[in-house]
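Open your viewer, get the chain on screen and keep the selection tool handy.

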Amino acid sequence: MIVLRVVTFLVLFTLVTGHENLNSHVFPRPLIIEYPENTEPHHHQLEDDVQLQCTSWRFAVETNNLGPWKTIPEECGDYVRQYIEGGAYKMDIDRVSDEAGAYAKTVDLGADGKHVWVFDVDETLLSNLPYYSQHGHGLEVLDSVEFDKWVEKGMAPAIGSSLKLYQDVLSLGFKVFLVTGRGERYRSITVENLMNAGFRD
């Protein structure tokens with residue numbers, strides 16, 4: 001009986017191993033060279049690092065915690081362009097204007113007529129984005145001669161939410177004062193540009 005079991009085992013063993021040999025390959029199993037399925041995670045990590053670095057740089061600029069700078073960091077060019085053209089910049093401006101308007105409504109003006117609201121002209125009332133979009137959104141050092149040519153065109157558009165705030169503070173009874181870093185020789189073209197953009201009174 002033991003002999004029969006040993007013979008049965010050997011026959012079955014031979015059949016099992018013999019079947020494998022019929023389909024044998026040079027290698028015991030197919031050679032599989034594994035390449036990374038996706039190199040995107042590394043690429044995304046680099047993009048995330050640049051995004052984080054540029055967000056940090058922008059925050060430092062906006063809070064005036066960065067020393068004098070002439071251009072944005074080169075690696076932040078796309079970030080700044082997307083921020084400005086993608087809607088985030090407009091959202092930030094609108095939010096600030098809304099907050100300022102809400103504050104203006106809380107001020108008790110009284111009857112003395114001495115309450116004033118002060119606006120800067122460039123990048124507060126008038127947008128120079130058409131100029132900056134033609135000059136790398138800050139990747140180029142500001143060329144004052146070229147910028148002055150832009151100013152002389154008198155075509156800077158109004159910043160919509162600032163125009164609304166301007167109109168709102170006037171209707172509340174504030175006197176409005178404008179300040180600018182533009183030279184005196186640009187006074188008339190600046191006034192004309194402001195009027196054409198909707199800043200009247």
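## Stop one: a charge over a ring

Select Arg 58 and Tyr 83: Arg 58 lies over the face of Tyr 83, at 4.1 Å from the ring centre. Keep in mind throughout that this is a predicted model.

Are they buried or exposed? Both Tyr 83 and Tyr 89 are buried.

## Stop three: the buried side of H3

Now show helix H3, residues 77–85. Colour Gly 77, Tyr 79, Val 80, Tyr 83 and Ile 84, which are buried in H3. Look down the axis: these residues cover an arc of only 165 degrees around it, so they sit on the same side of H3. As a reminder, an α-helix has 3.6 residues a turn, so residues three or four places apart point the same way. Just after H3, pick Gly 87, which takes a positive phi of about 110 degrees.

## Stop four: the disulfide

Next, select Cys 54 and Cys 76. Their sulfur atoms are 2.1 Å apart, and the two residues form a disulfide. Which parts of the chain does this pair tie together? Cys 54 lies in helix H2 (residues 40–62) and Cys 76 in the loop between H2 and H3, so the pair ties together parts that are 22 residues apart in sequence. Turn the view to the S-S bond: its torsion is about -95 degrees, so the disulfide is left-handed. Cys 54 and Cys 76 are both buried. A search of the whole structure finds one disulfide, so you can move on.

For the last stop, show the aromatic side chains. The count comes to ten aromatic pairs. One to zoom in on is Tyr 166 with Phe 199: the ring centres are 5.1 Å apart and the planes at 85 degrees, so this pair is edge-to-face. The pair links distant parts of the chain, 33 residues apart, with Tyr 166 in helix H7 (residues 160–172) and Phe 199 in the segment after helix H8 (187–196). Tyr 166 is buried, with a relative accessible area of 6%, and Phe 199 is buried too, at 3%.

Terms used:
Residues numbered from 1 in each chain as written. Predicted model: local features only at pLDDT ≥ 70, side-chain atom pairs only at ≥ 80, totals over all residues. Heavy atoms only, no water. Disulfide = S-S within 2.5 Å. Helix = DSSP H or I, 4+ residues; strand = E, 2+ residues; numbered from the N terminus. Buried < 20%, exposed > 50% of the residue type's maximum accessible area, 1.4 Å probe, protein only. Arc of directions from axis to C-beta. Phe/Tyr/Trp six-rings, centres within 6.5 Å; stacked < 30°, edge-to-face > 60°. Lys NZ or Arg CZ within 6 Å of the ring centre and 35° of its normal.
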